[in-house]
Structure formats: C-alpha cells, structure tokens
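Welcome! Here is a friendly walk through a structure that may be new to you. Take a moment to look it over before reading on.

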Amino acid sequence: MVESGPAPTGAGERGRGGFGRGFGGRGRGGERGRGGRGGRRPRGGDDEKEWVPATKLGRLVKDGKISSIEQVYLFSLPIKESQIVDYFMKDRLKDEVLKIHPVQKQTTAGQRTRFKAYVCVGDMDGHVGLGVKCSSEVATAIRGAITLAKLNLAPVRLGYWGSRLGKPHTVPMKVSGKTGSVMIRLVPAPRGTGLAAARAPKKMLEFAGVQDCYTQSRGHQRTLGNYAKATFEALRRTYSYLTPDLWTETKFLKSPYQEFTDYLAKTSKKVSAE
C-alpha cells in the first residue's frame, strides 16, 4: 500500500483546490507581502522637515529679530505662515474640534460629499483662533482647520468686574459679535461666576482665558458654525474699544520691516543666489 505524502504547502495551493491568491504565489500573506516592503511609515518623526520661511515676517521671526508675537499684533502685520505661531506659542497652544458635518454639491455625475471642520485653538491666556476647512477626508479637513486657526490667532483683552484684585478674569466691557442670524453679547461677570454660555462659546471663552462671563444670544444658534464665528468676532472686539487707561500718549516705533530693512535686503540676496 502506497503511503500518501503530506499535502502541498506551496503559495499556489492553500487548501483552495490548488488555486492561490494571484499568480506566482504573491498574495498579501506570502513572502513578498506588505510586510516585506517596509510596512507603513509612522506619522511625524523623521518626515518633518525644517521650517524654511517664505515671508519677510517668517525670516525675521526665525532669526530672532522679533522677540514676541505681541510685536506682530502691535504693527498689524499679517501672519501668512502657521510656523510663526508655533515658534512663539510652542506647546502652550491647545486645539479642539467644535463640529464636523458633511456638505454636498450637486454635479453632473451626482452628488459630491465633503466634510467641513470647525476647530478652535487657544493658549488659555489671552489668545484664541478659529479655523474652518472643507475637504474630502475628515483628517485632512481637521489639519487644514488647525492651520487656519493658527493663522487667525487674535489677542483677547481681559479685564475685571469691580475691584482690580488678582489677575484679570473676565471681559473688560460689554462686547457683541454677529454672523449670519446669530448674535452673541458678552457681559462681564463677578469673580467666581463661571462661564454662563452654551457649549461652543464656552469652549472658545475657555481657550481665550476668560474665567467669568455672562452671555446673551439670539438667532438660529443651532447653526454652530455661525455661533462660533460670532463668538470669535466678539472676542476680537475687546481691543477695538479704548478705555481711559489706554488714553496715554502713544510712542510710535519703527515697524520691523522698516527697522530691519538692510537685514532683509541681505538675506533676500542670499536666498536668490542659492
């Protein structure tokens, strides 16, 4: 009697009647599957490149000519690179996704669905930003919204209710913002009151460093995007009103672009030569 040998274990015969998963035994689990090509690369790490500034402001910041982001706000210089904010804020900046919802566009081939993300960033100490980005993937929309929020970072003035004891804890005066049909009004509150606000404006007030505040709102507040934009507009207006303590004579200084004109001219020649 002839003994039967062991069953063939080749890549082409895996218990499927002699049929493998492709030609030449190159299935995903074979010797030349995904694992043999190095696998997936980890996020971040070695893939991050060194920041090469593309604007004059970025060059001044990277070379240490501007010491704080308050100098940028003082001369109303537009921030075009998110790395400028990262350079000054470092690890102090926090971000949170306020809302993600799908949006659709009717095309000849049908409906095209994309995702819209609202992201708020802040350092809990007088700086807050809001970014809105739409993309075909959720992760891409969130990353883009974080970048735009950093570019829109704005200073928020903090004040007191009543006596000036301790650190500023509330908005300095009544301010309001409006976007679409949504209007929100921020009212100073005594210390210990907390934030009497809905979820979206409460998170933005926390990121701005406001500890006590009353809010009044009207309009279609279920439209969270307009609600967040109105809150951001109200917070930005805290520096638009000059209170008596800001009536001191202003000493005008040179803009960084004017002060470091010769330096920018030299560095621009080096960059063009390279």
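## Glu233 and its partner

At 27% relative accessibility, Glu233 counts as partly exposed. Its side chain meets that of Arg237 in a salt bridge, with 3.6 Å from N to O. Arg237 is partly exposed as well, with a relative accessible area of 37%. Before going further, please keep in mind that this is a predicted model.

## The chain as a whole

Let us step back for a wider view. The chain has 274 residues, and 33% of them count as buried. Its secondary structure comes to 8 helices and 8 strands. The accessible surface of the chain is about 18,400 Å², and carbon and sulfur atoms account for 50% of it.

How much of the contact in the chain with a separation of 6 or more comes from residues 24 or more positions apart? Such residues account for 57% of those contacts.

## A network of salt bridges

A search of the whole structure finds 6 salt bridges. Which residues are linked in a network of salt bridges? They are Glu96, Lys203 and Glu206, and Lys203 takes part in both of the bridges described here.

Start with the bridge between the side chains of Lys203 and Glu96, where N and O are 3.5 Å apart. This pair links distant parts of the chain, as Lys203 belongs to helix α5 (residues 199-208) and Glu96 to strand β1 (residues 94-107), 107 residues apart. Lys203 counts as partly exposed at 21% relative accessibility, a value just outside the buried class, which means under 20%. Glu96 is also partly exposed, at 31%.

Now turn to the bridge between Lys203 and Glu206, whose closest N and O atoms are 3.5 Å apart. Here the two partners sit in helix α5, and because they are 3 residues apart, about one helical turn separates them. Glu206 is partly exposed, with a relative accessible area of 30%.

## Aromatic rings and their neighbours

How many aromatic pairs does a search of the whole structure find? The search finds 1.

Are the two partners buried or exposed? Phe88 counts as buried, at 11% relative accessibility, whereas Tyr87 is partly exposed, with a relative accessible area of 33%. Tyr87 has another neighbour to look for: Lys90 lies over the face of its ring, at 5.1 Å from the ring centre. Elsewhere, Lys65 lies over the face of Tyr263, at 4.7 Å from the ring centre.

## A nonpolar patch on the surface

Which residues form a nonpolar patch on the surface? The members are Val97, Ile100 and Val138, and together they have about 180 Å² of accessible area. Val138 is found in helix α4, which covers residues 138-151. With a relative accessible area of 32%, Val138 is partly exposed, and it can belong to the patch because patch residues need over 30%.

## Two loop residues with positive phi

Ser76 is not a glycine, although its phi is positive, at about 55°. The loop that holds Ser76 runs between α2 (69-74) and α3 (82-89). At 63% relative accessibility, Ser76 counts as exposed, because the value is over 50%.

Where does Met124 lie? Look in the loop between β2 (110-122) and β3 (127-135). Met124 also has a positive phi, near 60°, in a residue other than glycine. Met124 is partly exposed, with a relative accessible area of 35%.

Conventions
Residues are numbered from 1 along each chain as its sequence is written. This is a predicted model: local features need pLDDT of at least 70, side-chain atom pairs count only at pLDDT 80 or more; totals for chains, interfaces and linings use all residues. Side-chain values use heavy atoms; hydrogens and water are left out. Rings of Phe, Tyr and Trp (its six-membered ring) pair if their centres lie within 6.5 Å; planes under 30 degrees apart count as stacked, over 60 as edge-to-face and the rest as tilted. Buried means under 20% relative accessible area, exposed over 50%, partly exposed in between (1.4 Å probe, protein chains only). A charge sits over a ring if NZ of Lys or CZ of Arg is within 6 Å of the ring centre and within 35 degrees of the ring normal. Patches are made of residues with over 30% relative accessible area and no salt bridge: like charges are joined within 9 Å, nonpolar side chains (Val, Leu, Ile, Met, Phe, Trp, Tyr) within 5 Å. Accessible areas come from the Shrake-Rupley method with a 1.4 Å probe; for residues, only the protein chains shown count as cover. A salt bridge is a side-chain nitrogen of Lys or Arg within 4 Å of a carboxyl oxygen of Asp or Glu. Helices (H or I, at least four residues) and strands (E, at least two) are DSSP runs, numbered from the N terminus. Contact means heavy atoms within 4.5 Å.
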